[in-house]
Amino acid sequence: MNKNSNTYTFLYATALVVVVATALSLTATGLKSRQQKNIEIEKKQNILLSVKKALGVDTVPDRSAYIEELYRRYIVEEYLVDAGGNRKEGEAFTMNMKTQYDIIREINASGISDEKKSELRRKLSLPVFVCRNDDGDLKYIMPVYGLGLWGAIWGYISLNGDFNTVYGAIFDHKGETPGLGAEIAFPKFFNQFEEKQLFENGQFVSIRIVKGGVTAGDRHGVNAISGGTITSRGVEEMLKNCLTEYKPFFEQQKTNAKIQ
Amino acid sequence: MDTEKTGNNTGLFWKLFTAPIGKNNPITVLILGICSALAVTVQLESALVMGLAVTVVTGFSSLIVSSLRTTISPRIRIIVQLVVVAALVIIVDQVLRAYAYNASKQLSIFVGLIITNCIIMGRIEAFALANRPWLSLIDGIGNGLGYGMILVIVAFFRELFGSGTLLGYQIIPESWYIANGGFYENNGLMILPPAALIVVGIIIWVQRSFYKL
């Protein structure tokens with residue numbers, strides 16, 4: 001057969017594409033459940049790390065069993081709250097923080113009327129995870145999501161029962177510069193958040209990332225990463241924007257605690 | 001190279017396999033695939049996984065294209081090669097996501113970018129289209145390993161001097177660090193891409209004087 005003829009070329013191309021497409025879809029379908037499992041385990045691991053659990057994850061032979069076990073033991077509740085701080089129907093674990101971030105970013109865009117803001121806020125479904133420590137203390141874990149220099153950054157921040165003091169935090173990123181912005185994913189950076197406070201005299205102040213070093217005793221600031229200014233600023237914005245939306249929830253919980 | 005007529009197969013296989021690892025190394029001699037060599041050599045683990053992934057892709061793409069070489073219409077030659085390479089890269093990417101999740105996260109887009117690695121198309125065009133499947137497979141694997149070897153050497157130095165670790169394990173004692181009262185500090189340049197160029201340059205220098213190229 002003439003390999004230069006149009007018919008041959010078209011038939012050849014069609015056959016090749018069909019074969020390749022079949023092979024690819026078979027691979028993708030076959031591996032899908034395993035891939036999703038990996039993503040799920042990673043999310044659980046980050047949630048646990050934000051409450052200082054699963055710290056020995058790198059030393060265990062079966063990571064996924066270890067994480068599943070700890071998650072079952074410590075994370076006692078997970079739910080969604082709306083912008084008013086009330087519980088909302090829905091699955092917290094599978095809630096994609098990116099979709100919430102898109103709404104939050106719109107709320108914080110300039111030139112948005114208050115009316116539009118409250119309309120946008122009605123769409124929010126914010127996940128909360130509750131961890132019970134071995135001594136019975138409850139810790140509340142909130143996911144946060146934002147933008148770094150090159151792409152998305154995200155993390156989990158956990159608060160004590162006073163809804164003010166940070167118990168732990170962990171951050172991760174899609175592709176910040178190694179050695180600079182990427183340092184946000186290391187304990188040296190996120191361990192600084194422990195014991196910091198979100199409120200000052202009842203006012204929400206979030207946590208500042210201070211360039212050039214915080215003064216000793218600053219309860220609302222941590223050191224920025226040298227050479228990672230934009231990523232550091234991204235972390236600060238992320239905490240402020242996301243936790244602002246959780247504020248009604250924090251306040252409601254605090255009032256409830258007082259009544260009890 | 002007229003390989004079809006050569007009688008001594010074992011010797012030929014061995015030559016095809018070792019040439020790209022030493023004297024004909026794709027990175028240091030042919031200067032192909034440099035971009036990913038800069039990007040994925042900050043840590044030894046990602047360099048190992050990347051080397052392995054590229055070896056699988058070069059090996060199998062050469063094998064497949066070589067098996068198809070008598071049927072491929074010359075008009076769509078490059079398109080056929082691209083489809084084969086792209087499909088293999090996607091399969092490798094999917095497998096990594098399922099079985100080596102952490103490594104695949106670190107390599108992120110660079111696995112997808114294997115498609116654009118000049119070594120693969122270069123070997124298909126220069127070798128697989130003109131040679132028998134088994135020879136092409138050996139040639140592909142040899143080139144992948146030659147690439148991987150340089151990646152591993154570069155990553156060894158970058159991780160050791162840039163982070164003080166190897167494969168994530170602390171090698172430089174913690175007590176040496178200035179932060180802990182010692183005298184040592186990690187070299188920040190090593191984790192930035194220019195360091196890879198410098199290390200690759202030194203390897204090229206050593207290799208050229210060794211083989212008297």
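Visitor: What share of the 213 residues of chain B counts as buried?
Guide: Buried means under 20% relative accessible area, exposed over 50% and partly exposed in between, with a 1.4 Å probe and protein chains only. Of the 213 residues of chain B, the buried share is 46%.

Visitor: What kind of model is this?
Guide: Residues are numbered from 1 along each chain as its sequence is written, chains are lettered from A and ligands numbered from 1 in the order in which they are written, and side-chain values use heavy atoms, with hydrogens and water left out. Local features need pLDDT of at least 70, side-chain atom pairs count only at pLDDT 80 or more, totals for chains, interfaces and linings use all residues, and the model is predicted.

Visitor: Which pattern does chain B follow along the sequence?
Guide: Helices (H or I, at least four residues) and strands (E, at least two) are DSSP runs, numbered from the N terminus. Chain B has nine helices and two strands. Read in sequence order, the pattern is α-α-α-α-α-α-α-α-β-β-α.

Visitor: Which residues make the nonpolar surface patch of about 620 Å²?
Guide: Patches are made of residues with over 30% relative accessible area and no salt bridge; like charges are joined within 9 Å, and nonpolar side chains (Val, Leu, Ile, Met, Phe, Trp, Tyr) within 5 Å. A salt bridge is a side-chain nitrogen of Lys or Arg within 4 Å of a carboxyl oxygen of Asp or Glu. The patch consists of Leu189(B), Leu197(B), Ile198(B), Ile202(B), Trp205(B) and Val206(B).

Visitor: What is the relative accessible area of Ile202(B)?
Guide: Ile202(B) sits in helix H9 of chain B, residues 193-211. Ile202(B) is partly exposed, because its relative accessible area is 45%.

Visitor: How much of the accessible surface of chain B belongs to carbon and sulfur atoms?
Guide: Accessible areas come from the Shrake-Rupley method with a 1.4 Å probe; for residues, only the protein chains shown count as cover. The surface of chain B comes to about 10,300 Å², and the carbon and sulfur share is 70%.

Visitor: How many helices and strands are there in chain A?
Guide: Chain A has 260 residues, of which 45% count as buried. Its C-alpha atoms fill a box of roughly 85 × 50 × 40 Å along the principal axes. The elements of chain A are six helices and 10 strands.
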